[in-house]
Amino acid sequence: MDEAKILVDLLLEDLELALRDNSYSVLSGESPMVISLYEDLKIIKSFLERIQHAPIDQKQLQSFFVTEIRDVVLKMLVDVDSYIVNTFTKNEGNFGTEIGSLFQLSPELSFRAKQIDLYKKEILEIHNDALIGPSVTTIKDVGEVSLKTRSRTLSFLMEEKMVGFQDEATALLDRLTGGEQMQLEVISIVGMGGIGKTKLAKRLYTDPVVVHHFHVRGWATTSDSGLLEVNNILQDILSCIINAKENVNKMTYKQMEEKLMNCLKGKRYLIVIDGLRNWDPFSLRGFGRFFPNDCAGSKILLTSRTKEVVLRLNPSSPLHFLRYLSHSESWRLFESKVFTNTRCPLELMEVGKEILSKCCGLPLSIVVLAGVLQKDISREWWMHIAEDMTSAVGGEEEQLMHILAIGYEHLPDWLKPCFLHLGSFPKGYEIPVKKLVRSWTAGRFIKHNGEKKTEDVADDYLSYLVDRSLVIVSKRRSNGGIKTCYIHDFLWDLCLKKAKDNMLLRPICIYEQTSLFSTAQLTFLLYHAQGVPDLDPPYHFFDSLKDLRISFPKTESLVTKLLIVLDLENIILQVFPLEILVMVHLKYLSLNIPSLRKLPLLCNFWNLETFILVTEKGATVTLPHDIWKMVNLRHLHISGELEFERACSSSSSPFMLDNLQTISQLCPSSCIKDILAKMPNLVNLGCNLSFSNTAKDFLFPDLSILKLLETLKFDIQTWGTLQFCYSSPQPTSFPPSLKKLTLIGSLDWKEMSTIGRLPNLEVLKVKNNFFNGQQWETSDEGFHHLKFLKLSHTNLQRWFASSSSFPCLEHLVLHRCLVLEEIPPSIGDIQTLQMIEVSHSSPAAADSVWQIQESQKYMGNFELKVFTQPLCEVE
């Protein structure tokens, strides 16, 4: 059913594009056959949406009919795609001729259009109007998610309290930070999947005592295969230590090995390797060679399901077997997940404990079932779930998979594709939420509720899955939103199984040799690649790279042409792969081409919504003039400096990018005002400006025309000794809607008074000494709504502020403030302040934050959290 609907969607998109003239806004006078086909397909689409929610017996009765629709639409799609590609290529993004001529010249297409008309009539005869109306997924359903969405306050930054394992946590914390053992020590946590090994390791890794005790900390997650595993582990660890992942990805294996040893040498470090599995390469010849033993009390913490794996790496490693939760711990965890701050009603106690007994003290089972039960606190519903669980047979893993399947089956139908899509990412992969949300949007998994932006609804969906314990939060943003997430290995396995059963998508993941299905079973629409070495031309794009055990579809295959998401961000290419220009249905495209300086014509990507290009930092990339015709574009991110061709930056151009919400890194130029005027609905803007040794003037751009702008990142980089003139930003330079501001580069601290007057600013990050000078006197007249403040890599020496300077501040972060004498003591008196973090900064700054905490405790305030990490040269 799903694949037929997807194909109908793709053909409708083609026709919508073709039915518009060159202004992309007015229907042209096409032949009646094309107009009729378009209307017929909309009715068929509505039917397919309805049948998705019909009882199983009705679905089976309709399956043959749906298969016929799919086959006819597929054949039409191939011809229409080819026509549009050829026409666009000839006319540089314009049609020039009406699509009606294609149907007039092709008897086969005309015949298929008549078949579609017959299918439509049959549907109208068999089904009443109620079946043809809107899908059963209503605004009410989406509203359920909205009600589940929690306010994004700083409380989300706090780690969720872990139930049980307090004795284990205390013992392991003592082994990590106490005692007199100065030799490098390897400690292993062993236990069944889903028992909480990763959560316990993360609890230890982020414990303030651990953070303060170790100079350096690094975390790596392993996968099922040993292929390239050492390479990925080195990347993970280095990314934690030097905080520059984009540079790590460019390093060779030898460079990463040397960099890691240099970063760790002479330091007291903690390295966590999570999820160690049955693979050999890392265990062969020199597990310890990456980790110097300098008698500094360093530790390596391993987690694994089997003791044999960790003993193979280090036979002397002390093992800590993680136990199952006791009955009382299981109930406490269950009750906290279902009822939050209240107790379980007496009428549910008996059935609740019956359900809980099936979980056998396994935390993953408990939290997933709790997510199912919390949606309906009635005895009837709980009895229904208890009956579902009686069919679970087999060993521990079989029972666990049965419970997880219950969690999936009781998701709303409209949320199931979003969950299954998580299986298109590699196992154990930490998924950036921006990438996930944009991929969901591209796949049309998000149901519009008419009130909120698509991205906001997608965030609600993700929060719903987190609440159901089907998705785990890895990192939070400064505003409390989710930055990265992942799913448990067992849930990943469930995604693949259910995706195959539902014929929704069939992901190809790295390290696997996967056979592609035939054109009779078109379900592969999403692709995410991870960790492939550089590909030099001729690289046989999308050919079978057997030496890497990766299977790609051939360029000419129909499967390739129907791709919706293509994520190659972690595959370094040497040139732009022209082969992908046939993928006209792409909505999400991510490429990594460091040497690219000018993009080719992109007019074939008329459906593209998200385009990400990773290129050399500081390099300028020129966009083609046809970028303005990509009217569906929502997010445009280029890691270098982005500039427009002079012809396409002219104010006389009739095209507007009304849907564009994100653009970075735009290079401010003399025509930036004209460019921004064509992007009136921008929400996120990144500006990047580099100066060479040649002095030049700089005029801070007027951004006030962007009435919806909420996030601005402004980066000024100077190379070499440079004197340049600039105009200071004025309050009128910024729109009042601005909530988050990141400033990177070199201006003056006195300009902060201008920033402080922004009326709705909640998050401010100042990096790389944006404001020159050694003293900052913060007035009491600004920053009225600021909740998060981060100062990073500054030469600030003296900072004067009062508790009135930041009346709403919740979270303060200082990173590499190497000469700061102290944090103003009055900062601790801010009533809203919940957390202060100081890392790799001056000892005086670190001491002052502890003094602030002690002072607050003396005043009766025990809520202020303080985290410090010692100064350590690792970058």
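In which strand is glutamine 665 found? Glutamine 665 sits in strand β16, which covers residues 662-666. The model shown here is predicted.

Most peptide bonds are trans, and most residues other than glycine have a negative phi. Some spots in this chain depart from that pattern. Serine 664 and glutamine 665 are joined by a cis peptide bond. Omega there is about -10 degrees. Cysteine 295 is not a glycine, yet its phi is positive, at about 55 degrees. Look for cysteine 295 in the loop between β3 (269-276) and β4. Cysteine 295 counts as partly exposed because its relative accessibility is 40%. Serine 469 also has a positive phi without being a glycine; the value is about 60 degrees. Serine 469 belongs to the loop between α22 (454-467) and β7 (472-476). Is serine 469 buried or exposed? Serine 469 is at 11% relative accessibility, so it counts as buried.

Now turn to charge. Side chains of opposite charge can pair when their charged atoms come close. The model holds 24 salt bridges. Begin in helix α5, which runs over residues 107-126. Here glutamate 108 and arginine 112 form a salt bridge, with 2.1 Å from N to O. The two residues are four apart, about one turn of the helix. Their surroundings can be read from their accessibility. Glutamate 108 has a relative accessible area of 47%, so it is partly exposed. Arginine 112 has a relative accessible area of 9%, so it is buried.

Another salt bridge reaches across the chain. Aspartate 489 pairs with arginine 305, and their closest N and O atoms are 3.5 Å apart. This pair links distant parts of the chain, 184 residues apart. Aspartate 489 lies in helix α23 (residues 489-502). Arginine 305 lies in the loop between β4 (299-304) and α14 (307-313). Aspartate 489 is buried because its relative accessible area is 10%. Arginine 305, at 37% relative accessibility, counts as partly exposed.

Glutamate 854 counts as partly exposed because its relative accessibility is 48%. Lysine 857 counts as partly exposed too, at 31%. Salt bridges can also share partners, as they do in one network made of Asp40, Asp117, Lys120 and Lys121.

What forms a positive surface patch? Lys434, Lys483, Lys617 and Lys713 do. One of them, lysine 483, is found in strand β8, residues 482-486. Lysine 483 has a relative accessible area of 39%, so it is partly exposed.

Next come the rings. A pair of aromatic rings is described by the distance of the centres and the angle of the planes. The count for this model is 14 aromatic pairs. In one of these, the ring centres of phenylalanine 334 and tryptophan 382 lie 5.8 Å apart. Their planes stand at 75 degrees, so the pair is edge-to-face. The pair links distant parts of the chain, 48 residues apart. Phenylalanine 334 is in helix α15 (residues 327-339), and tryptophan 382 is in helix α18 (residues 379-389). Both residues are buried.

Tryptophan 799 and phenylalanine 806 form another edge-to-face pair. Their centres are 6.4 Å apart, with 75 degrees between the planes. Tryptophan 799 counts as buried because its relative accessibility is 4%. Phenylalanine 806 is at 0%, so it counts as buried as well. Both rings also belong to a cluster: ring pairs link Trp749, Trp776, Phe783, Trp799 and Phe806.

Which residues make a nonpolar patch of about 240 Å²? Leu818, Val819 and Leu871 make it. Valine 819 lies in the loop between β28 (811-817) and β29 (835-839). Valine 819 has a relative accessible area of 42%, so it is partly exposed.

Technical notes:
Residues numbered from 1 in each chain as written. Predicted model: local features only at pLDDT ≥ 70, side-chain atom pairs only at ≥ 80, totals over all residues. Heavy atoms only, no water. Salt bridge = Lys/Arg side-chain N within 4 Å of Asp/Glu carboxyl O. Buried < 20%, exposed > 50% of the residue type's maximum accessible area, 1.4 Å probe, protein only. Patch = residues over 30% accessible without salt bridge, like charges linked within 9 Å, V, L, I, M, F, W, Y side chains within 5 Å. Areas by Shrake-Rupley, 256 points an atom, 1.4 Å probe, with all protein chains shown as cover. Lys, Arg positive; Asp, Glu negative; His and termini not counted. Charge placed at Lys NZ, Arg CZ, Asp CG, Glu CD. Phe/Tyr/Trp six-rings, centres within 6.5 Å; stacked < 30°, edge-to-face > 60°.
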